[in-house]
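Q: Could you walk me through the helix packing and the aromatic rings here?

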Amino acid sequence: MSVKAPLAAIFGLSGPRLTAEERAFFADADPYGFILFARNVETPEQVASLVADLRGCVGREAPVLIDQEGGRVRRLRPPHWRDAPSMAPFVELYARDPKAAADAVRLNARLLAVELAALGIDVDCYPLADVPVQGSHDIIGDRAFGHDPAVVSHLASIACAGLLDGGVMPVVKHIPGHGRAVADSHLDLPVVDASLEELRATDFVPFRALKDAPYGMTAHIVYTALDAHRPATTSPAVIGGIVRGELGFEGLLMTDDLSMKALTGRFQDRAADSLAAGCDLVLHCNGDRDEMTAVAEGCRPLDTAGQLRAARLGRFREQRLARLDAAETLAELDRLLRAA
């Protein structure tokens, strides 16, 4: 008997507990997965219960995502969780001792995985593989592994491996590169006028190196050299020609949040256009019920190509190390970062 494919969508929710309306909506829509934000987080016990409830709505082990990068972008914070750093200290350490920096990135990612896995969260929207340039908007800033494409490639790859070693799937973002944007795509639509040659020499380099990552997230950015009229998320030329073609990205590809102001138009159309462009999944984060209903109307079930990519995620789940001593790991990480 064939199993019905889930809706090609990942949804957020409004608060720390499911409402009756959300429970009914998720059971009916059957989204591929869910994403948590700070508004959904109170205590470890509450988060673990919420994760279990979300999966109970759809009756399967649906992926549960979170943005836990460290620094400015972390949904789990003290006092219940570690004060995870931004990427800046790792970049500073790399300038002095590349091996120590690589070790520190791996240890930090392992700790992130331990913290998330304890809650049942199995996907982290981390790491960024963006390469910021002089004059770009600070929305990326210290979230990136520096300004050298080779260093970004190296450290982002290690971060991915560290998460996977702890049983958590990384999401590489923001394909094909957010580092040149001079606007925040949460608020405006950035337009990047760099030539294809410039993009190939810098922005594309880390994503090409990370083409085997399990998940990727698009950038809501217009690249005039690739498609002067549509942001990457809704552009077949960018998704098919660059992301899947030139960069060879093989993982499940999700949009950045459809509720960001870089995109315009009806939510049905945002979802439909993203999937038509070649994205596997659409992401909607703010928990607004009316918007989610519209996104669901514009979606289809995960298609055959997406189902095959999802099935291949099993090879990453087998890549797990023995349990680590979190206290010893944190002490070693602190020792390494003090050098920065």
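A: Axes are lines fitted to C-alpha atoms, for helices over the stretch in contact, with angles from 0 to 180 degrees between N-to-C directions. This is a predicted model, where local features need pLDDT of at least 70, side-chain atom pairs count only at pLDDT 80 or more, and totals for chains, interfaces and linings use all residues. Residues are numbered from 1 along each chain as its sequence is written, and side-chain values use heavy atoms, without hydrogens and water.

Q: At what angle do H9 and H10 pack?
A: Helix H9 (residues 267-277) and helix H10 (residues 289-298), both DSSP runs of H or I with at least four residues, pack at about 40° with their axes 7 Å apart.

Q: Which residues of H9 and H10 make the contact?
A: With contact meaning heavy atoms within 4.5 Å, H9 contributes Phe267, Gln268, Ala271, Ala272 and Leu275, and H10 contributes Glu291, Ala294, Val295, Glu297 and Gly298.

Q: Switching to rings, how many aromatic pairs are there?
A: The structure holds four aromatic pairs, that is, Phe, Tyr or Trp rings (for Trp, the six-membered one) with centres within 6.5 Å, stacked if the planes are under 30 degrees apart, edge-to-face if over 60 and tilted otherwise. Phe11 and Phe26 are stacked, at 6.4 Å centre to centre and 20° between the planes.

Q: And Phe26 with Phe34, what geometry?
A: That pair is edge-to-face, with 5.0 Å between centres and 75° between planes.

Q: Is Phe34 buried or exposed?
A: Phe34 is buried, at a relative accessible area of 0% (buried is under 20%, exposed over 50%, partly exposed in between, with a 1.4 Å probe and protein chains only).

Technical notes. Helix = DSSP H or I, 4+ residues; strand = E, 2+ residues; numbered from the N terminus.
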